[in-house]
Amino acid sequence: MKRPIIEIDEEKCNGCGQCVLDCAEGALAIIDGKAKLISDVYCDGLGACLNCPEGALRLVEREAPEFDEEAALTAKAKREGATATRHHHGGCPGSMARTLTPLTGGPAAAGAGDLRAQVPTWPIQLRLLPPSAPFLKGANILLAAHCAGFALPNLHSEWMRGRVPIIACPKLEDNEVLAEKLTAIIKHGGISGITVLRMSVPCCGGLERLVHRAIEAAGSTLTPETHIVQL
């Protein structure tokens, strides 16, 4: 099967080991002074290790066996001399892909003090979203600026209905990492549409550029629809 998986540029890698610490599944190791992918089946394609100070890691889509979480955690525990457990997916429970409410339904009524989530899918942060998440297959995506949720009181009722929400900030986040993740999502998920919801401030224009860059890199024919929230 083709799926997102990590690729390491050994020329850029200085063996600092940051990626090894970031990879909760234990898919990476420092061997002969360079980061190495121990086994394809240990890599979940989430991209938690992309925060490499040298930019030596990136997500690619290639033929690879399916991610085997149990095998990955068992191997990791064996190397660490511990007993493997499966308390949650990966290193961070918050990165586990989940469908919370039907995409076709409106937001549930919430009163004061009601802290139930009002999003259809999780996670919503682009950097945390696994490209292989089942709810991305053929999805219509709403890529919104972080600020949009606070600026628009009608975000849920008018913008999220029927769409998978994803948020990102081109000003505060690494655009290379965001571009690689979005490219993988477009290629792997067979995305049906992308709506960009950005703020009118100049720096937010990076969100549009990010989308066009990812569409081109993915070889997609998608035509994104952009809406600007005026301040």
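Guide: Strand 2 (residues 28-31) and strand 3 (residues 34-37) run antiparallel and are joined by 4 bridges. Two strands are taken to pair if DSSP finds at least two bridges between them; strands are DSSP runs of E with at least two residues, helices are runs of H or I with at least four residues, and both are numbered from the N terminus. Within this pairing, alanine 29 has lysine 36 of strand 3 as its bridge partner. The two strands form a hairpin with 2 residues between them, and aspartate 32 in the turn has a positive phi of about 55°.

The model is predicted, so local features need pLDDT of at least 70 and side-chain atom pairs count only at pLDDT 80 or more, whereas totals for chains, interfaces and linings use all residues. Residues are numbered from 1 along each chain as its sequence is written, and side-chain values use heavy atoms, with hydrogens and water left out.

As to the cysteines, a disulfide is a pair of cysteine sulfur atoms within 2.5 Å, and by this rule the count is 0 disulfides. Cysteine 23 is in no disulfide, and the nearest cysteine sulfur, that of cysteine 49, lies 6.0 Å away. Cysteine 52 is likewise in no disulfide; the nearest cysteine sulfur in this case belongs to cysteine 16, at 5.7 Å. Relative accessible area is 10% for cysteine 23, which is therefore buried, and 18% for cysteine 52, which is therefore buried. Buried means under 20% relative accessible area, exposed over 50%, and partly exposed in between (1.4 Å probe, protein chains only).

A cavity is a set of points, on a 1 Å grid over the protein atoms alone, where a 1.4 Å probe fits but cannot get out; lining residues have an atom within 4 Å of a point. Grid points are joined across faces, edges and corners, and a volume is the space filled by probe spheres set on the points. The structure holds 1 cavity of 30 Å³ or more, and the largest cavity contains about 70 Å³ of space. Its lining comprises 13 residues, of which Cys13, Cys16, Cys19, Cys52 and Leu57 are the closest to its centre. By class, the lining has 9 nonpolar, 4 polar and no charged residues. Here Ala, Val, Leu, Ile, Met, Phe, Trp, Tyr, Cys and Pro count as nonpolar, Asp, Glu, Lys and Arg as charged, and the others, Gly among them, as polar.

Conventions:
On a 1 Å grid over the protein atoms alone, a cavity is a set of points where a 1.4 Å probe fits but cannot get out, and a pocket is an open set with protein on both sides within 12 Å along at least five of seven lines; lining residues have an atom within 4 Å of a point.
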